[in-house]
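Please look over the sequence and the structure shown here, and then read the short report that follows.

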Amino acid sequence: MENIVSVSQLKKSFKSHEVLKDVSFTIPKGSIFALLGSNGAGKTTTVKILSTLSKPDDGKATVCGYDVVNQGDYVRECISLTGQFTAVDEVLTGRENLNLIAQLKRLQNVKAKVDEWLAFSNLEDAANRKVSTYSGGMRRRLDIAMSLMGSPQVIFLDEPTTGLDPQNRIAMWNLIKDLVSKGTNVFLTTQYLEEAEYLADKIAILHGGSIIANGTLDELKELFPPAKKEYIEKQPTLEEIFLAIVGMEKVVA
């Protein structure tokens, strides 16, 4: 299967702090890829390199077949990025935010495109309200809709559900699933292990500056110690797998 993202031996340091030591992975087309890691593991740094916002010290990465260092203009044409914090204009309405992005990208049939993404994000009823009146979940959905104007091949979602309540988090999960059904490839960073377990086709764990595990959920389960057989065979959760791989114990309240 052809890969939409290929990363080989990426390295990145900030002064004397080595954030990425040797990061390598691939993402096949038509999939949701989840990058897991603790705070400070280098998830956002990886996203910034792949989205051309930062340059690696060493290594190679391609997105949509283009080198992120030498062909950055081509990479930016085929991707979109939604960061950890929503980038919406609260003075404007939801419709005006989308309309602004559509015009900046010089899209055709702007009104139809805006209506399409308002419907996709379930924001039709709030389209003409100022974004300052939106809930956190509504702002996040609008933020992603703005990122999707122009139909990027790859969208980077850097911890997209941080701070959302459970109901809005589930709504966001469904939206991400819909993105893939429409042909968008999703690169997701998250600290919510159940999020990766529910969404991702492939999961990589970034720890100590390197990818220490990479594969499907079933493949990661094989790295976990054999299940104890009591009355039933208990299957490990992704949280238990993650903690076992990085050498930590689960804290029980």
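Which residues in α5 meet which residues in α6? This is a predicted model, in which local features need pLDDT of at least 70 and side-chain atom pairs count only at pLDDT 80 or more, while totals for chains, interfaces and linings use all residues. Residues are numbered from 1 along each chain as its sequence is written, and side-chain values use heavy atoms, with hydrogens and water left out.

The table gives the residues in contact, where contact means heavy atoms within 4.5 Å, and helices are DSSP runs (H or I, at least four residues), as strands are (E, at least two), numbered from the N terminus.

| Helix | Residues that meet the other helix |
|---|---|
| α5 | Gly137, Arg140, Arg141, Ile144 and Leu148 |
| α6 | Asn168, Met172, Leu175 and Leu179 |

These residues divide into five nonpolar, two polar and two charged, where Ala, Val, Leu, Ile, Met, Phe, Trp, Tyr, Cys and Pro count as nonpolar, Asp, Glu, Lys and Arg as charged, and the others, Gly among them, as polar. The axes of α5 (residues 136–148) and α6 (residues 166–181) come within 10 Å and cross at roughly 15 degrees, axes being lines fitted to C-alpha atoms, for helices over the stretch in contact, with angles from 0 to 180 degrees between N-to-C directions. The two helices α5 and α6 are therefore roughly parallel to each other, a term for angles under 35 degrees.

A search of the whole structure finds one disulfide, that is, a pair of cysteine sulfur atoms within 2.5 Å. Cysteine 64 and cysteine 78 form this disulfide, with their sulfur atoms 2.4 Å apart.

Definitions and conventions. Angles under 35 degrees count as roughly parallel, over 145 as roughly antiparallel, 65 to 115 as roughly perpendicular and the rest as oblique.
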